[in-house]
Amino acid sequence: MILSKMNASMSLSRRRRERKAFRAESAYHATGLAIALFFLAPFAITLLASFRHGTEARLPPLPPWPVNGISLDSYRSLDTFGAGVWQHTFNSLLVSLATVALTVAVSVLAGYGFSRYRFPLKNVLFVLIIATLMIPFQSILTPLFIILARLGLNNSLFGLTLVYVTLQLPFSVFMMRNAFDAVPKEIEEAARIDGARDLKLLFRVLMPLVLPGIATVAIFAFLNAWNEFLAALVLLSSNEKYTLPVLMMAVRAGRLGAVNWGAVQAGVAVMTLPCLVVFLLLQRYYMRGLMAGAVK
Amino acid sequence: MTDIRKSFGSLEVIHGIDLRIAEGSFVVFVGPSGCGKSTLLRMIAGLEEVTDGEIEIKGRNVTDLDPSDRGIAMVFQSYALYPHMSVRENLAFGLKMARTETAEIEARVKAASAILKIDHLLDRRPGQLSGGQRQRVAIGRAIVRKPDVFLFDEPLSNLDAELRVSMRIEIARLHRELGNTMIYVTHDQTEAMTLADRIVVLRDGRVEQEGTPREVYENPANIFVAGFIGSPRMNLLGGTWLGNGRVRVAGSDMSVPIAGEDLQIGDKVSFGARPEHLFVTDGGAGSIPAKVDFAEYLGGTQYLYCQLADGQPLIAEYRSGPAVNAGSTIMLSIDDNKRRLFAADGRRLT
């Protein structure tokens with residue numbers, strides 16, 4: 001009798017505990033969902049709107065999805081701007097990927113050097129590099145233009161890439177130095193005893209350990225190069241060399257005073273997609289605890 | 001090692017060390033932190049440049065060789081495993097760098113993992129291992145290289161007490177099985193005493209004494225070694241030389257078996273006696289009164305933390321007899337043959 005009473009009260013308290021846990025968890029998930037919706041809605045609305053029919057595209061965006069079936073009209077009309085959307089996407093991709101490759105290559109070597117070698121004026125040099133972050137790049141656009149002209153690199157995608165890499169390097173070198181600093185010295189020493197030297201040491205042992213840093217540098221370099229507008233507008237002069245942001249400016253300005261909103265939505269979709277892809281590809285390297293088990 | 005010196009900038013941290021280590025022996029470097037024992041080991045490994053002097057391994061001058069060409073392998077305090085590689089890859093990495101044949105690599109990895117009983121862990125990452133397992137892998141990485149000399153840099157100090165004891169025994173077994181020369185750095189006395197064939201006591205970048213554990217413990221070369229080796233440490237009491245083999249310590253006269261020709265009456269000396277050489281007596285000639293501050297009961301034995309008449313602290317080991325309570329005053333006598341006397345400059349006199 002007493003036993004069953006005890007059982008009953010125990011199961012009662014357990015049920016109360018469970019109910020409480022359930023409520024807490026629901027609230028947690030509901031909040032998360034609401035925040036996610038808030039952030040995803042603009043992307044969803046843009047993407048859906050870009051698939052409306054040509055005539056429907058200029059109406060107010062309610063409801064925010066195509067009512068008369070899906071159509072690629074907006075993308076077709078986007079293609080009539082500039083040298084065609086494919087050409088500009090290609091330009092943008094070329095510049096962005098080249099920027100990523102060059103930035104990563106230089107900043108890994110520089111970060112490794114700053115982190116592990118002793119040389120005169122090391123800290124002065126490092127501070128100087130970081131200090132360039134304080135200079136707004138708009139203010140050096142004119143000298144940059146002149147330098148590129150002297151080098152015969154104005155109106156060239158390669159020249160633009162070099163400018164992007166230069167702008168990207170201070171942050172990236174800083175990032176990579178920190179990443180290398182975080183690698184325990186003993187790992188490097190163990191590798192040296194194992195016979196790995198210089199570049200072999202860097203590529204076989206240290207690179208995998210600084211991957212999170214490299215991923216960060218790569219993502220930033222890609223996004224900044226992909227979205228950069230002013231330098232591209234100033235340093236490029238022929239239509240077929242413009243990158244996507246310059247094209248988007250033209251689309252947004254419209255023709256003869258009329259803005260083709262469908263084309264704008266399509267352009268935004270085209271510009272967003274690669275950023276998403278790059279981020280999704282690289283975000284898993286943000287993974288923490290890569291160093292777990294190395295020391296201690 | 002001949003006249004090894006090391007400076008960081010203008011600061012010399014190793015002041016000319018000469019040391020011969022017999023092949024196949026187990027040598028332990030001990031000393032307080034900052035004494036240069038790790039630096040010395042790292043110089044042997046080639047991780048630290050030698051400012052002056054020469055290092056030979058098996059008759060070959062290796063002073064300017066790369067770490068990987070010296071025929072050494074090193075086990076770090078922090079394990080220093082490659083976290084992105086499996087245990088198997090960790091073990092094989094050095095051999096791969098040396099372009100060893102795949103079959104040979106596999107055979108050596110297999111042999112090493114069998115010796116260390118880590119064969120079931122080969123496909124795991126270091127992050128999935130416990131501290132003891134990681135240390136085994138680190139030792140395994142050294143074994144596969146088949147080095148002439150194993151270097152251990154405080155390999156057990158990251159492990160908990162129980163694991164430390166079992167790994168200590170493991171390392172001793174390993175030395176017996178492999179028969180390589182091993183050089184081991186530690187600040188743990190027990191490790192030093194139990195593992196070593198020979199102990200090298202270092203202080204401030206100089207060798208204070210080199211000898212077997214027994215020599216170092218029973219016949220310390222000077223007051224530093226006497227105070228450093230042994231736990232609890234040797235009691236070192238300030239006293240005055242009275243001449244004729246007599247010393248005054250805390251108001252009592254002690255006889256010591258030396259003539260003391262180079263001492264003047266009234267010279268300051270240090271009188272040394274290990275806790276286990278002190279006995280509780282009923283009084284009598286040569287005994288010295290002490291007040292017990294507190295008593296540490298360890299089961300098999302008891303340590304009495306005492307104060308002499310002039311306030312000098314003293315530890316006595318007390319094995320049998322009625323319980324001694326804190327606050328009581330006892331009479332202590334000292335084993336005649338175990339009395340040590342040190343001059344004011346630290347030199348040992350008896």
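In chain B, 63% of the contacts with a separation of 6 or more are between residues 24 or more positions apart; two residues are in contact if their C-beta atoms, placed from the backbone, lie within 7 Å. This is a predicted model, in which local features need pLDDT of at least 70, side-chain atom pairs count only at pLDDT 80 or more, and totals for chains, interfaces and linings use all residues. Residues are numbered from 1 along each chain as its sequence is written, while chains are lettered from A and ligands numbered from 1 in the order in which they are written.

**View 1. Chain B as a whole.** Let's start with the overall picture: the C-alpha atoms of chain B fill a box of roughly 75 × 45 × 35 Å along the principal axes. Chain B has 8 helices and 21 strands; these are DSSP runs, H or I of at least four residues for helices and E of at least two for strands, numbered from the N terminus. Of the 350 residues in chain B, 39% are buried, meaning that 20 or more other C-beta atoms lie within 10 Å of a residue's own, with C-beta atoms placed from the backbone.

**View 2. The two domains of chain B.** Domain 1 covers 2-227 and domain 2 covers 233-343, with bounds that come from an automatic or database domain assignment. Their C-alpha centres lie 39 Å apart. Where they touch, domain 1 gives 4 residues and domain 2 gives 7 residues. The domain 1 side has 2 nonpolar, 2 polar and no charged residues; Ala, Val, Leu, Ile, Met, Phe, Trp, Tyr, Cys and Pro count as nonpolar, Asp, Glu, Lys and Arg as charged, and the others, Gly among them, as polar.

**View 3. An open sheet in chain B.** Here 5 strands run in the order β16-β20-β17-β18-β19, with antiparallel pairing; two strands pair if DSSP finds at least two bridges between them. β16 (278-281) and β19 (313-318) stand at the edges with a single partner strand each, so one side of each is left without a neighbour in the sheet. Further in, β17 (residues 288-297) and β20 (residues 329-334) pair over 4 bridges, and B:Ala290 has B:Ile330 in β20(B) as its bridge partner.

**View 4. The β18-β19 hairpin of chain B.** β18 (residues 302-308) pairs with β19(B) in the antiparallel sense over 6 bridges, and 4 residues lie between the two strands of this hairpin. In the turn, B:Gly311 has a positive phi of about 90°. B:Leu314 is the bridge partner of B:Cys306. B:Leu314 also points to one face of β19(B) with B:Ala316 and B:Tyr318, and these are buried.

**View 5. Helix α5 of chain B.** The 18 residues of this helix (residues 161-178) should span 26 Å at 1.5 Å a residue, and its end C-alpha atoms are 26 Å apart, which agrees; the expected span is 1.5 Å times one less than the number of residues. Just after α5(B), B:Gly179 takes a positive phi of about 70°.

**View 6. Where chain A meets chain B.** The contact takes 20 residues from chain A and 24 residues from chain B. On the chain A side, α7 (185-193) and α8 (198-209) are the elements that give two or more residues. The largest share, 6 residues, comes from α7(A). By class, this side of chain A has 13 nonpolar, 2 polar and 5 charged residues.

Notes. Buried ≥ 20, exposed ≤ 12 C-beta atoms within 10 Å, placed from the backbone.
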